[in-house]
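Thanks for coming, everyone. Let me put the structure up on the screen, and then we can walk through it together.

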Amino acid sequence: MVYVIAHLTAHPGKGDEVVSLAAPLIEATRREAGCITYDFYRKPADPDALVFIETWQSKAAVDAHFEEPHLKAFQAAMADLLVEARIELVIPEKVEVL
C-alpha cells in the first residue's frame, strides 16, 4: 500500500476555484486501477488550504496516476491559482517488534 498526501495552498480567495476544478479530477481518479481512496479536504480555518489524501495499491499505480491526462489537466489549470503545492509519498515499511 502507498499513501499520497498532497498539500495545496491557493492564492488568497482562490480556494473555491481549486475545489471546482478538482471535481472532474476526483471522479476520474477514483476509477483508476489501483486507487483505493482519493479524498479531498479543505481546512476549516483556512479555505485556501486544501489537502488530497490518497491510498493506492502500489507505487506502480501512483506512477500511472501521475501520467494520467486528467491529472496533467488539473495541474495545468492550477498553475496560476496556487502559491504552493507539496506532495508527500509514503511507502510504509513493516517494522517487527521483538
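Before we look at any pairs, one definition: two strands pair if DSSP finds at least two bridges between them. The strands themselves are DSSP runs of E with at least two residues, while helices are runs of H or I with at least four residues, and both are numbered from the N terminus. Now, this is a predicted model, where local features need pLDDT of at least 70 and side-chain atom pairs count only at pLDDT 80 or more, whereas totals for chains, interfaces and linings use all residues. Residues are numbered from 1 along each chain as its sequence is written, and side-chain values use heavy atoms, with hydrogens and water left out.

Let's begin with the sheet. In general, strands of a sheet pair through backbone hydrogen bonds, either parallel or antiparallel. Here we have an open sheet of four strands in the order β2-β3-β1-β4, and the pairing is antiparallel. The edges belong to β2 (35-43) and β4 (82-90): each has a single partner strand, so one side of each is left without a neighbour in the sheet. On average, neighbouring strands are turned by 10 degrees against each other, direction ignored; for such angles, axes are lines fitted to C-alpha atoms, for helices over the stretch in contact, and angles run from 0 to 180 degrees between N-to-C directions.

How many bridges join β1 to β4? There are eight, with β1 covering residues 2-10 and the two strands running antiparallel.

Next, the helix. Helix α2 (residues 59-66) lies across β1, β2, β3 (46-56) and β4, and runs at about 130 degrees to β3. Contact here means heavy atoms within 4.5 Å.

On to the charged side chains. A salt bridge is a side-chain nitrogen of Lys or Arg within 4 Å of a carboxyl oxygen of Asp or Glu, and the whole structure has seven of them. One sits within helix α2: D63 and K59 are four residues apart there, about one turn, and their side chains meet at 2.7 Å, N to O.

Another salt bridge joins R86 and E88 at 2.9 Å, N to O. R86 is partly exposed at 40%, and E88 is partly exposed at 30%.

Terms used. Buried means under 20% relative accessible area, exposed over 50%, partly exposed in between (1.4 Å probe, protein chains only).
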